[in-house]
Amino acid sequence: MVCTTFFETENGPLMLGTLHLHQSTVWNLQIGADGFTCEVLLQPGRQQPRSSVRVSYPNVWQVLRGDGPNFNAGARAGLLYENNHALSTFAKQGLAQ
């Protein structure tokens, strides 16, 4: 799980977005120096086309490892990365224009 202050979609930013990234839920992953892009299903279970998303690394505040999209995020055992500064900065300033 990648928790972000926001990520870009084809329809604009999605605030406080969480992406479940797994080999069966992400396509065309491209990792760059300042972020990554991929295609995902933004509303799982619905018949919809894949949506392209872009995540900038400075907007990532937490990365968790778990066994599915509904795992217990409160369990710190799966914590891989945490940057609470990104979350608090976003809470104070909001989306940068």
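# Briefing: strands, cores and salt bridges

Strand β6 and strand β7 (residues 51-56) run antiparallel and are joined by six bridges. The model is predicted. The protein holds nine strands and one helix, and along the sequence the order is β-β-β-β-β-β-β-β-β-α. The points below cover the chain as a whole, the strand pairings, the nonpolar cores and the salt bridges.

**The chain as a whole**

- The protein has 97 residues, and 30% of them are buried.
- Among contacts with a separation of 6 or more, 35% are between residues 24 or more positions apart.

- Strand β5 (residues 27-31) runs antiparallel to strand β6 (residues 35-40), with three bridges between them.
- The link from β5 to β6 is a hairpin of three residues.
- Trp-27 has Glu-39 in β6 as its bridge partner.
- On the β7 side, Ser-56 stands opposite Gly-35.

**The open sheet**

- Four strands make up an open sheet, ordered β4-β1-β8-β9, with antiparallel pairing.
- The edges are β4 (18-19) and β9 (79-82); each has a single partner strand, so one side of each has no neighbour in the sheet.
- Strand β1 (residues 2-4) and β4 run antiparallel and are joined by two bridges.
- Within this pairing, Thr-18 in β4 is the bridge partner of Cys-3.

**Nonpolar cores**

- In soluble globular proteins, nonpolar side chains tend to be buried together.
- The largest nonpolar core here has ten residues: Val-2, Phe-7, Leu-19, Val-26, Phe-36, Cys-38, Val-40, Val-53, Val-55 and Val-60.
- Both β6 and β7 supply at least two residues of this core.
- The largest share, three residues, is from β6.
- Leaving aside residues up to four places away in sequence, Val-2 touches Gly-17, Thr-18, Leu-19, Leu-21, Phe-36, Val-60 and Gln-62.
- Another core, of five residues, lies apart from the largest one; Met-1, Cys-3, Leu-64 and Ala-86 are among its members.

**Salt bridges**

- Side chains of opposite charge can pair when their charged atoms come close.
- The structure has two salt bridges.
- One of them joins the side chains of Asp-34 and Arg-54, at 3.2 Å from N to O.
- This pair links distant parts of the chain, 20 residues apart: Asp-34 is in the loop between β5 and β6, and Arg-54 is in strand β7.
- Asp-34 has a relative accessible area of 48% and is partly exposed.
- Arg-54, with a relative accessible area of 29%, is also partly exposed.
- Arg-50 and Glu-39 form a salt bridge as well, with their closest N and O atoms 3.9 Å apart.
- Because Arg-50 lies in the loop between β6 and β7 and Glu-39 lies in strand β6, the pair ties together parts that are eleven residues apart in sequence.
- Arg-50 is partly exposed, at a relative accessible area of 43%.
- Glu-39 counts as partly exposed, at 25% relative accessibility.

Methods. Residues numbered from 1 in each chain as written. Predicted model: local features only at pLDDT ≥ 70, side-chain atom pairs only at ≥ 80, totals over all residues. Heavy atoms only, no water. Buried < 20%, exposed > 50% of the residue type's maximum accessible area, 1.4 Å probe, protein only. Contact = heavy atoms within 4.5 Å. Pairing = 2+ DSSP bridges. Core = buried A, V, L, I, M, F, W, Y, C linked by side-chain atoms within 4.5 Å. Salt bridge = Lys/Arg side-chain N within 4 Å of Asp/Glu carboxyl O.
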